[in-house]
Structures are given as C-alpha cells and as structure tokens.
Amino acid sequence: MLSALFRKNRATPARAPDGLPVLDAADTPDATDATDAAAWAAGRRDALRELVAERGALVVRGLGLRTPADVESVLCQVAEHPVAEREAFAARDRHADGVYSSSAWPPNQPMCMHHELSYAFECPGLLMFACLEPPVEGGTTAVADATEVLHALPAELVGRFAREGWLLDRAYNEGIGATLDQSFGTDDRGAVEAYCRAHAIDWSWQPDGSLRTRQHRPAVVRHPVSGRHCWFNQIAFLNEWTMAPEVREFLIEEYGPDGLPFNTRYGNGDPVPPDVVEQINKTYEAHTVRRSWQRGDLMLVDNIRTAHSREAYRGPRNIVVAMADPVRPGLLGPRTGREAA
C-alpha cells in the first residue's frame, strides 16, 4: 500500500499519456521544499521507494535538477548504497560515487532494451536518470516491464534460457568499446585476473595482448522483494544480430567472428539465431512505454523488474545516471555451477 504521504488524489502519480506514472513534486502535500531536491526526497524516501516497487518506474517532475551534484544529493537521500560501475561496455564520465554520464553511444544508434549490468556478478537494484539537458529530437528513455515481457515471450524460448542461462562473450580490442581500465578500474593483468576470479568470469589473453572473457548468467530471476519472475538479461542487446549490418560486417572483417566486442549465446554455447533476437526485440517493443524528457526530470527505475532503452536523438543530450542498492542476480535465478561460486 502507498505511504499516507501520497494517498491524497493530488499527490498520486498521474498516468502520463505514454503510460509512465508522473509525480509533480510541487503538487505533493507540504511541498514547500520542492525547490530543494535533496530535502524533498529525504522527506519522501519511503514513499518514493514504495511507488517504484509498485510501478516499476516513476518520473518526478519539478525538482529543478541542474547539475550532477544535484543528482548525487537526491541519490544519497533515496538509496541505501551507491554502486560503482564495473564491466562497462561503453565509456562513461564518473561524477561521484554511483553517479555517471550516459554511456558513450552514437546518437544515431538506439540502445536496445536492457537491464543495467545484468551480466555482472553484482548489479544495481535501483537506477535514477536525471535530465539536465533534453535533446532537440528523440532521445527518449523508454521502459518495459520484465514480467510482462517474460509472459509474452514464447514458452519454448523462455524455457531453454531459464534452464541454461546465457553466455556473454567479450573481446577488449584497442580502439573500440570500453578499455580495460574503464571496465575493471585497472589495466594491470594481475588485478584484472583477480577480478575475473572473484566474479565468475573466464578469461584468456590473446597473442596481441588483448583480453577475451566469457561469463555465464541466469536469464530469468525472481525479484528480491516481490518474488515476481523477471526476464532479466541482455541477450538481445549485446548480440551480434542487434548490431547494424554494416557495423557487424566491419567488426568481423577487422577482428574476426570471435573478436566482436560483445556477443551472446545460449548457456550451452550454441549461437543465438537472428530470429530469436528479433523475437525478443519485438516483444520488448510491444511492451514499451515512452516519454519525452523535460529539463530537470528525474526517473527512478527498479532495475530488476524494469528494462530500459535509449532512442536515437538529435542535438545535445545530457542525462545523468545514478546506480545504487547492489543485488546479485546469480542468487535470484536458477542455480548453476557458475553462480554457486
């Protein structure tokens, strides 16, 4: 049940035309502190977390967020523990503990639906996105309910991934994707190997000195609070068949079929065929809700229950991302030898 703080009609998040609940900070009871984002969030922490747990994602408008420091101040009030990003697949700028720029990704290329760091041994349970500057066109951060997606996918497809899990292969090639330092916080071989051992990642150093890794993760997990089964992975997003054809062809020509910066497989090592990737992406699309950013908007997302994406855009776009409240997906999904480590 929602906190009494938000039970009055004027304080209940409105359902926006695009389907996302929106809460206007200025319309909440006793909102005299709405101009002070941290103070407003501190007084409503439990209610906000209840709303995110109930809805999966929530937009707060009217807090006047202008800088990464503003976002950090709200994160400190709402979240338990910030999460330091590791195993990034694209570069980010770090603003503070748990607070980063959006991933460096071509503006004309969308980022498909995914759960942040779902391939990691430990991932954030809570995400916050703050719009400091909206794009001229596009750039929507869309969301999709992971339980609805799970139920809409073909039972045979879900069954196999639930039994086997999924594999993520990565190749750290110089000049493309995240560097070792950006992914592991160091480029020291010994430290990288220690990280891999501690996080159930297989690794091998190539003759040219580059690193290749493979990790086995669950594809379906139970939400740690509600117990809902969720389709929780990046099988489609990080698969070769989601890449633009010309990009995929260039990368294979340059690095070989096993040298793609990332690719996904069934848990037994079989390739994931194009039709399966297409099916997953189409199912996401059928359950996607979108909204346009306004300057100062804050979006809170339950990272286990809710997938998110980023559409292509035009013009400057400054979205700050905050990550918090670590969860270990391997403890939420079907147990395998890898997750039991």
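Helix α2 is the leading contributor to the lining of the second largest pocket, giving four residues. The model is a predicted one, and the volume of this second pocket comes to about 310 Å³. Its lining is made up of 15 residues, and those nearest the centre are Arg49, Gly125, His223, Val225 and Asp302. Besides α2 (45-55), the elements that supply two or more residues here are the strands β7 (123-133), β17 (298-302) and β20 (318-327). Sorted by class, the lining of the second largest pocket holds 10 nonpolar residues, two polar ones and three charged ones.

The largest pocket comes next. About 800 Å³ of space lies in the largest pocket. Its lining counts 36 residues, with Trp105, Pro110, Cys112, Phe237 and Thr242 closest to the centre. Which elements each supply at least two residues of this lining? They are the strands β6 (111-114) and β18 (306-310), together with the helices α8 (245-255) and α9 (274-286). Helix α9 has the largest share, with six residues. By class, 24 residues of the lining of the largest pocket are nonpolar, seven are polar and five are charged.

How values were computed. Residues are numbered from 1 along each chain as its sequence is written. This is a predicted model: local features need pLDDT of at least 70, side-chain atom pairs count only at pLDDT 80 or more; totals for chains, interfaces and linings use all residues. Side-chain values use heavy atoms; hydrogens and water are left out. On a 1 Å grid over the protein atoms alone, a cavity is a set of points where a 1.4 Å probe fits but cannot get out, and a pocket is an open set with protein on both sides within 12 Å along at least five of seven lines; lining residues have an atom within 4 Å of a point. Grid points are joined across faces, edges and corners, and a volume is the space filled by probe spheres set on the points. Ala, Val, Leu, Ile, Met, Phe, Trp, Tyr, Cys and Pro count as nonpolar, Asp, Glu, Lys and Arg as charged, and the others, Gly among them, as polar.
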